[in-house]
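Below is a short note for a colleague who has not seen this model before. Please read it alongside the sequence and the 3D view.

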Amino acid sequence: MKQIARACLILLCLASFIISSTAKPSDPNKTTSPPPAVDFSELDKLVPEELKEKNTPGAVITVISGDQVVYQKAFGVASVETNAVMQPEMLFRLGSTTKMFTAAALLTLAEQNKIKVNEPIGNRVKGLNGRVGQVTPHHLLSNSAGVRDFAAPVISSDDPALGNMVHSWKDDVFFADQGEIYSYSSPGFWLSGFVVEELYGKPYADAMTELVFKPVGMERTTLRPFMAITYPFAIGHAVENGKPTILRPLFNNVAMWPAGSIWSNSKDLSRWVIALMNDGKVDGKQVLSSSLIHQMVQHHVPVPGETDSYYGYGLTIFKYKDYEFVLHGGFSRGYGSMIQMVPSRKFAVIVLTNKSGETMRKTLNKATQLALGLKDDAPEKPATIPPPTVSEINEYVGVYSHAPNTWDVSVKDGKLHMNFDGKDSVMTKTGEKKFSFGEQNENEVVFVPGKSGKIEFLFFELYGAKKMN
């Protein structure tokens, strides 16, 4: 889980911006006119430089303003073996960016009165474990269902795999009760996809095509690899021995599709993003309901330890300066993706790469700087944080669990210690209920109160863990 957590930090990649606004709207949630025409030609030079720096074979970068694509270019190669030139129409696997689409499908079914977002899914889907059946679409789509993040116990390319896996789940898929804490969970979206499948009466892949892809006009977007390979597509790579290498064989598991397996390209994703930022309209046609989009971007669950940071339905939302960013990134074997939007300015950037987990942060940040009129800020001087009091120390002590991982917090010589992943280290206070630990203080945790007001959870990277004693 530790490696997965680090990979998933791309969801909050913009949180490390060291930029400030020079043009700030008075109300970040009020839609304003699209920004004036911007020259994005700086990206022409920056993207190849970052590809080289990151050992990434290729990328497609798209910038949207208002309801138009204003910049879309392919860079590098689709394969390091054939040196085939990357093309804008090529398909990439999106990884966890898929989650926003699964959310849209389930919300569409809710709008069709197939289910209510706040009712137990077991009311409509039969054969589930009792506790699994009690979770609601709201908690699943907002990553607050208390479902652990774990490897899929079923690996198959057959459509029944998703249902077979979900029907095998027991109480131990939970680390907490629903509604207690935000915690990133791909299995929660696997379950959401199965609910879509059951309510619609067709396999998840077909339901997604009919509920989302076709209405939006995403002509080549698919879950099925055998369909994807009939179109031009980018080959997935990982860096091995310092060089990008093709990953073989292509990984596929139907049981994991709802959380990270959509194949799409820049053209199709542009239509999706334009719809999200324009009340569901593309080319003057209503392709998604405005109420569905409103539900997706609501501040459903706060992210522990962050200020003005939330998870919506399949989307991360946070405020930086006077702008609200709405985004989701994806890490897939051989691919990386990012959809980042600023709805108040109707501005978005789409990044697609053919290297595991790469989201081209320099390029993403530069495009955002250019579009929003942002400039570099001088680094702020770190605040002086007083050491924790004795009462604080005693409140944090305990063993926290998100199986199979545990975080053992103890006191030694009057100092808090963390034992995690077989290593013991002193904890250093870095903020309100925040501590760093590790050989280089490279890890950070946040202690989170429960409904009682007492510390009941620990939040590490994107995952919650519940206090066991």
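How far apart are the end C-alpha atoms of helix α2, and what should its 12 residues span?

1. Helix α2 covers residues 42–53, and its end C-alpha atoms lie 17 Å apart, which agrees with the 16 Å that its 12 residues should span at 1.5 Å a residue. The expected span is 1.5 Å times one less than the number of residues. Helices (H or I, at least four residues) and strands (E, at least two) are DSSP runs, numbered from the N terminus.

2. This is a predicted model: local features need pLDDT of at least 70, side-chain atom pairs count only at pLDDT 80 or more, and totals for chains, interfaces and linings use all residues. Residues are numbered from 1 along each chain as its sequence is written, and side-chain values use heavy atoms, with hydrogens and water left out.

3. L43, L46, V47, E50 and L51 are the buried residues of α2. They lie on the same side of α2, because they cover an arc of only 135° around the axis, taken from the directions from the helix axis to the C-beta atoms. K45 and K52, on the other side, are exposed. Buried means under 20% relative accessible area, exposed over 50%, and partly exposed in between (1.4 Å probe, protein chains only).

4. The buried residues of α2 pack against β2 (58–65), β3 (68–76) and α13 (361–372), with contact meaning heavy atoms within 4.5 Å. Just after α2, N55 has a positive phi of about 55°.

5. Strands β22 (residues 434–437) and β23 (residues 443–449) run antiparallel and are joined by 4 bridges. F437 has N443 in β23 as its bridge partner.

Definitions and conventions:
Two strands pair if DSSP finds at least two bridges between them.
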